[in-house]
Amino acid sequence: MTTNKFMSIVAFFVLTIFTACSSLPPKEFAKTAISIGVVVEDLNKSLDFYTNVVGMVPVREFSIDVEKANRMGLSNGESFDIKVLKLENAEQATELKLMSFNNSTNHSDQNYIPEANGIRYMTIFVNSLTPILERIKNNQVETLGETPIMLDENRRFVAIQDPDGNFIEFIGFVNSF
(Lines give C-alpha, C1' and ligand atoms only; values in the text may rest on other atoms or scores of the structure.)
Protein backbone atom coordinates (compact mmCIF):
# COMPACT_ATOMS: atom_id res chain seq x y z
CA MET A 1 0.00 0.00 0.00
CA THR A 2 1.35 3.40 -0.91
CA THR A 3 1.86 6.12 1.66
CA ASN A 4 -0.71 8.37 -0.02
CA LYS A 5 -3.35 5.64 0.00
CA PHE A 6 -2.60 4.83 3.65
CA MET A 7 -2.86 8.52 4.59
CA SER A 8 -6.15 8.79 2.72
CA ILE A 9 -7.59 5.84 4.66
CA VAL A 10 -6.40 7.29 7.99
CA ALA A 11 -7.84 10.70 7.09
CA PHE A 12 -11.17 9.06 6.15
CA PHE A 13 -11.38 7.26 9.52
CA VAL A 14 -10.39 10.37 11.48
CA LEU A 15 -13.00 12.43 9.62
CA THR A 16 -15.65 9.71 10.16
CA ILE A 17 -14.92 9.52 13.89
CA PHE A 18 -14.85 13.34 14.21
CA THR A 19 -18.17 13.66 12.38
CA ALA A 20 -19.78 10.93 14.52
CA CYS A 21 -18.52 12.50 17.75
CA SER A 22 -19.50 16.02 16.80
CA SER A 23 -23.05 14.93 15.98
CA LEU A 24 -23.62 13.51 19.49
CA PRO A 25 -25.80 15.70 21.67
CA PRO A 26 -23.91 17.54 24.40
CA LYS A 27 -24.02 16.07 27.89
CA GLU A 28 -26.84 17.83 29.74
CA PHE A 29 -25.42 17.79 33.26
CA ALA A 30 -22.02 19.17 34.25
CA LYS A 31 -21.91 16.98 37.40
CA THR A 32 -23.44 13.60 38.16
CA ALA A 33 -24.05 14.50 41.81
CA ILE A 34 -26.49 17.05 43.18
CA SER A 35 -26.19 19.68 45.89
CA ILE A 36 -28.97 19.70 48.48
CA GLY A 37 -29.68 22.80 50.54
CA VAL A 38 -31.02 22.25 54.05
CA VAL A 39 -32.30 25.19 56.10
CA VAL A 40 -31.60 24.45 59.74
CA GLU A 41 -32.56 26.16 62.99
CA ASP A 42 -29.06 26.23 64.53
CA LEU A 43 -26.21 26.13 62.01
CA ASN A 44 -23.50 25.24 64.54
CA LYS A 45 -25.58 22.46 66.12
CA SER A 46 -26.33 20.95 62.69
CA LEU A 47 -22.73 21.32 61.55
CA ASP A 48 -21.63 19.46 64.68
CA PHE A 49 -24.21 16.71 64.06
CA TYR A 50 -23.34 16.17 60.40
CA THR A 51 -19.58 16.13 61.03
CA ASN A 52 -19.39 14.28 64.35
CA VAL A 53 -22.33 11.87 64.08
CA VAL A 54 -22.80 11.31 60.35
CA GLY A 55 -19.09 11.69 59.58
CA MET A 56 -19.30 14.27 56.77
CA VAL A 57 -16.43 16.65 56.07
CA PRO A 58 -16.71 20.42 55.57
CA VAL A 59 -15.36 21.28 52.12
CA ARG A 60 -16.12 24.98 51.77
CA GLU A 61 -18.33 27.82 52.92
CA PHE A 62 -19.61 30.98 51.31
CA SER A 63 -22.01 33.85 51.91
CA ILE A 64 -24.84 35.29 49.87
CA ASP A 65 -25.26 39.01 50.50
CA VAL A 66 -28.64 40.76 50.58
CA GLU A 67 -28.42 42.20 47.07
CA LYS A 68 -27.40 38.90 45.47
CA ALA A 69 -30.01 36.95 47.47
CA ASN A 70 -32.71 39.33 46.22
CA ARG A 71 -31.51 39.26 42.60
CA MET A 72 -31.34 35.46 42.66
CA GLY A 73 -34.78 35.15 44.23
CA LEU A 74 -33.41 33.21 47.21
CA SER A 75 -34.54 35.41 50.09
CA ASN A 76 -36.53 38.51 50.76
CA GLY A 77 -33.88 40.84 52.11
CA GLU A 78 -31.78 38.41 54.13
CA SER A 79 -28.14 37.53 53.67
CA PHE A 80 -26.99 34.06 54.71
CA ASP A 81 -23.98 31.82 55.10
CA ILE A 82 -23.71 28.34 53.62
CA LYS A 83 -21.53 25.51 54.94
CA VAL A 84 -20.93 22.78 52.35
CA LEU A 85 -20.38 19.19 53.52
CA LYS A 86 -19.64 15.96 51.66
CA LEU A 87 -19.24 12.33 52.67
CA GLU A 88 -15.73 12.65 51.26
CA ASN A 89 -13.99 15.54 49.58
CA ALA A 90 -14.30 14.22 46.03
CA GLU A 91 -15.24 16.27 42.96
CA GLN A 92 -18.40 14.33 42.08
CA ALA A 93 -19.62 13.71 45.65
CA THR A 94 -23.09 14.93 46.61
CA GLU A 95 -23.05 18.15 48.60
CA LEU A 96 -25.14 18.98 51.64
CA LYS A 97 -25.41 22.75 51.95
CA LEU A 98 -26.42 23.86 55.45
CA MET A 99 -27.81 27.34 56.07
CA SER A 100 -29.81 29.05 58.80
CA PHE A 101 -32.19 31.99 58.97
CA ASN A 102 -32.64 31.60 62.75
CA ASN A 103 -36.21 30.37 62.29
CA SER A 104 -37.69 27.69 64.48
CA THR A 105 -37.90 24.29 62.83
CA ASN A 106 -41.49 23.40 62.11
CA HIS A 107 -41.09 19.62 61.93
CA SER A 108 -38.56 18.75 64.62
CA ASP A 109 -41.21 17.12 66.78
CA GLN A 110 -42.37 14.73 64.08
CA ASN A 111 -41.75 11.05 64.58
CA TYR A 112 -42.30 9.56 61.12
CA ILE A 113 -41.48 10.42 57.52
CA PRO A 114 -45.10 10.86 56.25
CA GLU A 115 -45.85 13.65 58.74
CA ALA A 116 -44.58 16.44 56.45
CA ASN A 117 -44.06 17.12 52.77
CA GLY A 118 -40.74 18.00 51.17
CA ILE A 119 -37.36 16.39 51.38
CA ARG A 120 -37.65 14.39 54.58
CA TYR A 121 -34.83 11.87 54.63
CA MET A 122 -31.55 10.81 53.11
CA THR A 123 -30.04 7.37 52.77
CA ILE A 124 -26.31 6.91 53.20
CA PHE A 125 -24.72 3.63 52.14
CA VAL A 126 -21.67 2.61 54.18
CA ASN A 127 -19.27 -0.29 54.13
CA SER A 128 -19.83 -0.95 57.84
CA LEU A 129 -22.30 0.40 60.39
CA THR A 130 -19.84 -0.12 63.25
CA PRO A 131 -18.18 3.34 63.13
CA ILE A 132 -21.58 5.00 62.57
CA LEU A 133 -23.09 3.22 65.57
CA GLU A 134 -20.09 4.22 67.71
CA ARG A 135 -20.52 7.90 66.76
CA ILE A 136 -24.27 7.70 67.38
CA LYS A 137 -23.64 6.28 70.85
CA ASN A 138 -20.77 8.69 71.67
CA ASN A 139 -22.94 11.67 70.72
CA GLN A 140 -25.99 10.33 72.59
CA VAL A 141 -28.21 10.28 69.50
CA GLU A 142 -31.17 7.93 69.76
CA THR A 143 -31.87 5.46 66.98
CA LEU A 144 -35.42 5.18 65.65
CA GLY A 145 -37.73 2.20 66.03
CA GLU A 146 -35.91 -1.02 66.75
CA THR A 147 -32.87 -0.08 64.69
CA PRO A 148 -30.30 -1.24 64.00
CA ILE A 149 -32.04 -4.13 62.26
CA MET A 150 -31.18 -6.56 59.50
CA LEU A 151 -32.64 -5.70 56.07
CA ASP A 152 -31.61 -9.05 54.66
CA GLU A 153 -28.86 -11.56 55.35
CA ASN A 154 -26.13 -9.16 54.17
CA ARG A 155 -27.24 -5.64 55.16
CA ARG A 156 -28.04 -3.79 58.37
CA PHE A 157 -30.11 -0.62 58.71
CA VAL A 158 -30.18 2.15 61.32
CA ALA A 159 -32.24 5.35 61.32
CA ILE A 160 -31.74 8.58 63.28
CA GLN A 161 -32.95 12.18 63.07
CA ASP A 162 -30.85 15.32 62.80
CA PRO A 163 -31.43 18.26 65.19
CA ASP A 164 -34.18 19.61 62.90
CA GLY A 165 -36.06 16.32 62.62
CA ASN A 166 -34.80 15.22 59.18
CA PHE A 167 -34.47 11.45 58.94
CA ILE A 168 -31.15 9.82 58.09
CA GLU A 169 -30.92 6.17 57.14
CA PHE A 170 -27.65 4.24 57.08
CA ILE A 171 -27.39 0.94 55.23
CA GLY A 172 -24.26 -1.12 55.71
CA PHE A 173 -23.00 -4.56 54.97
CA VAL A 174 -22.49 -7.16 57.69
CA ASN A 175 -18.91 -8.29 58.22
CA SER A 176 -17.43 -5.31 56.41
CA PHE A 177 -14.71 -3.13 57.76
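The model is predicted: local features require pLDDT of at least 70, side-chain atom pairs count only at pLDDT 80 or more, and totals for chains, interfaces and linings use all residues. Residues are numbered from 1 along each chain as its sequence is written, and side-chain values use heavy atoms, with hydrogens and water left out. The protein chain contains 4 helices and 8 strands, where helices (H or I, at least four residues) and strands (E, at least two) are DSSP runs numbered from the N terminus.

**Overall fold**
- From the N terminus on, the order of elements is α-β-α-β-α-β-β-β-α-β-β-β.
- Of the 177 residues in the protein chain, 31% are buried; buried means under 20% relative accessible area, exposed over 50%, and partly exposed in between (1.4 Å probe, protein chains only).
- Residues at least 24 apart account for 57% of the contacts between residues at least 6 apart in sequence, a contact being heavy atoms within 4.5 Å.
- The accessible surface comes to about 12200 Å², with 54% belonging to carbon and sulfur atoms; areas come from the Shrake-Rupley method with a 1.4 Å probe, and for residues only the protein chains shown count as cover.

**Strands 2, 3 and 4**
- Strand 2 (residues 57-64) and strand 3 run antiparallel and are joined by 7 bridges; two strands pair if DSSP finds at least two bridges between them.
- Strand 3 and strand 4 (residues 95-100) also run antiparallel, joined by 3 bridges.
- Lysine 83 in strand 3 is the bridge partner of glutamate 61, and leucine 98 in strand 4 is the bridge partner of lysine 83.
- Strand 3 (residues 80-86) is largely enclosed by the rest of the structure, because 6 of its 7 residues are buried.

- An open sheet of 4 strands has the order 5-8-7-6, with mixed pairing.
- Strand 5 and strand 6 (149-150) stand at the edges, each with a single partner strand, so one side of each is left without a neighbour in the sheet.
- Strand 6 and strand 7 run antiparallel, joined by 2 bridges, and isoleucine 149 stands opposite phenylalanine 157 in strand 7.

**Glutamine 161**
- Glutamine 161 lies in strand 7 (residues 155-161) and is buried, with a relative accessible area of 18%.
- The side chain of glutamine 161 reaches the backbone oxygen of glycine 165 at 2.9 Å.
- Not counting residues up to four places away in sequence, glutamine 161 touches Phe49, Gln110, Val141, Leu144, Asn166 and Phe167.

**Backbone geometry**
- Most residues other than glycine have a negative phi, and most peptide bonds are trans.
- The peptide bond from threonine 147 to proline 148 is cis, with omega near 10°; proline 148 is in the loop between helix 4 (130-138) and strand 6.
- Asparagine 102, in the loop between strand 4 and strand 5, has a positive phi near 60° and is exposed at 70% relative accessibility.
- Glutamine 140, in the loop between helix 4 and strand 6, has a positive phi near 55° and is exposed, with a relative accessible area of 73%.

Conventions: A polar contact is a pair of N or O atoms within 3.5 Å; within protein, one must be able to donate a hydrogen and the other to accept it, and residues adjacent in sequence count only if both atoms are side-chain atoms.
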